[in-house]
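Me: I have not looked at this one before. Can you walk me through it?

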Amino acid sequence: MKLKHLAPSAAILAAGALTLSACGGTSATGEEASGGDSDLQGTLTGIGASSQKAAMDAWTADFASENSGVTVNYSPDGSGAGREQFLAGNAQFAGSDAHLDDDEAKQGKEACGADGAYEFPVYISPIAVTFNVKGVDELNLAPSTIAKIFKGEISKWNDKAIKADNPDADLPDTKITAVHRADDSGTTENFAEYLKATAEKDWDAEISGDFPKDFGGEAAQGTDGVVQTVSDTDGAIGYADASAVGSLSKAKVKVGDEYVELSADAASKVVDASDKVKGRSEGDLAFDLARDTTESGAYPIVLVSYHVVCSSYKDQETVDMVKAWEKFVVSEEGQKSAAESAGSAPLSDDLRSQIETVIDSIKVEG
């Protein structure tokens, strides 16, 4: 089914949708936006990853300042919802913290024509292991310790495994509340991929966007729900996009023989060491991340958040809007705006060039 009609969906109409249009001016970073096209007219609808929310706020504001005739709607309902709605024809683009799986890639040919869907990174960010433990401001955690905590096998903060990672810390006899996503989440899938790659003996669940139900813990809806629950609960620990955790404490993660603090630079080191997913089309820039890297200074719990678009749309107006929007998102200006607003790692010049080639190839169907 090609994207001939965009029926209103509950996701689009949700209160969380971001709708921005403007009439010129400065960008969200306070600088003059560039590269606009005043002739563009219409509306773009996107659904997807809540992790992109802070970046999306900046992108839509900046883009609208130079494209006053275009309205960009983005509903941050989660990666799974975004991919599902896009493939069903209810959005012109999706935001996703996980690339399309093989079945979804096949569905892309039905939704977008023979060349299928295109996907490319737009946002690279570390996933924080964030905690709220009274009296504990710093925390080191090895992969196996993290796995056992979220599997429910470590239930107190003064457990011997946590003590081994933090020999000088004064750890309380406080119950651990491990908070995970309740919804199908690309953040969960990335977190699970990391644990599977680095602590397979302890994390024996299949990799999925759904957190394993038999591991227990406390479920919270969306990124904001996880952060709020951790913030409100003494003894809580959760995983969330680093841009969303605010002043909450963040654990350092053991890589090789050192404990690494999350940062944009540390996250980008992992992406640079990663290979593209095999067997995909030239327009598919999905990556198999090197979760088990031992490179000094690399932070391996990262998400690479994608935009998924069609290789073809029903009219030139939509093609022009999608191209302009996505080119802005991956541009140096767009990436700087996201970095300042969300703490993400900017795309490398080489990767940006590859993405722009893909965007340029989007065409009118037929």
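Reply: One term to start with: two strands pair if DSSP finds at least two bridges between them. Here 2 bridges join E6 to strand E11 (residues 252–255), and these strands run parallel. Keep in mind that this is a predicted model.

Me: Which residue in E11 is the bridge partner of Leu141?

Reply: Val253 is the bridge partner of Leu141.

Me: What order do the strands of that sheet come in?

Reply: The order is E6-E11-E12, in an open sheet of 3 strands with mixed pairing. Strand E6 (140–141) and strand E12 (258–260) stand at the edges with a single partner strand each, so one side of each has no neighbour in the sheet.

Me: And what holds strands together in general?

Reply: Strands of a sheet pair through backbone hydrogen bonds, either parallel or antiparallel.

Me: Back to the prediction. What is the mean pLDDT?

Reply: The mean pLDDT of the protein is 89, and 90% of its residues reach 70 or more.

Me: Where does pLDDT stay under 50?

Reply: Over residues 1–34. The model does have 94 contacts beyond four places in sequence for that stretch. Where pLDDT is low, the predicted coordinates should not be read in detail.

Me: New topic. How many salt bridges are there?

Reply: The count is 14 salt bridges. One of them joins Lys327 and Asp360, with the closest N and O atoms 2.5 Å apart. Lys327 is in helix H10 (residues 316–330) and Asp360 in helix H12 (residues 349–360), so the pair ties together parts that are 33 residues apart in sequence.

Me: Are Lys327 and Asp360 buried or partly exposed?

Reply: Lys327 is partly exposed, at 32% relative accessible area. Asp360 is also partly exposed, at 42%.

Me: What about Asp183 and Arg181, how far apart are their closest N and O atoms?

Reply: They are 2.7 Å apart, and the two residues form a salt bridge. Asp183 counts as buried at 11% relative accessibility, and Arg181 counts as buried at 4%.

Me: Which side chain meets Glu153 in a salt bridge?

Reply: That of Lys151, at 3.5 Å from N to O. Glu153 is partly exposed at 48% relative accessibility, whereas Lys151 is buried at 16%.

Me: Which residues are linked in a network of salt bridges?

Reply: Asp102, Glu119, Arg280 and Asp284 are linked in such a network.

Me: Now helix H3. How many of its residues are buried?

Reply: Of the 9 residues in helix H3 (residues 79–87), 7 are buried, so the helix is largely enclosed by the rest of the structure. Among them are Arg83, Gln85 and Phe86.

Me: What do the buried residues of H3 pack against?

Reply: Their partners include strand E2 (42–48), strand E4 (93–96), helix H4 (102–112) and helix H7 (186–198). After H3 comes Gly89, whose phi is positive, near 90 degrees.

Me: Last one. Where is Ser208?

Reply: Ser208 is in the loop between H7 and strand E8 (218–220). At 25% relative accessibility, Ser208 counts as partly exposed.

Me: What is Ser208 in contact with, leaving aside neighbours within four places in sequence?

Reply: Ser208 is in contact with Thr188, Glu189 and Ala192. Gly186 is 22 residues from Ser208 in sequence and 8.5 Å away in space, C-alpha to C-alpha. The side chain of Ser208 also reaches the backbone nitrogen of Asp210, at 3.0 Å.

Key. Residues numbered from 1 in each chain as written. Predicted model: local features only at pLDDT ≥ 70, side-chain atom pairs only at ≥ 80, totals over all residues. Heavy atoms only, no water. Salt bridge = Lys/Arg side-chain N within 4 Å of Asp/Glu carboxyl O. Buried < 20%, exposed > 50% of the residue type's maximum accessible area, 1.4 Å probe, protein only. Helix = DSSP H or I, 4+ residues; strand = E, 2+ residues; numbered from the N terminus. pLDDT = per-residue confidence, 0-100. Contact = heavy atoms within 4.5 Å. Polar contact = N/O pair within 3.5 Å; in protein donor to acceptor, adjacent residues only side chain to side chain.
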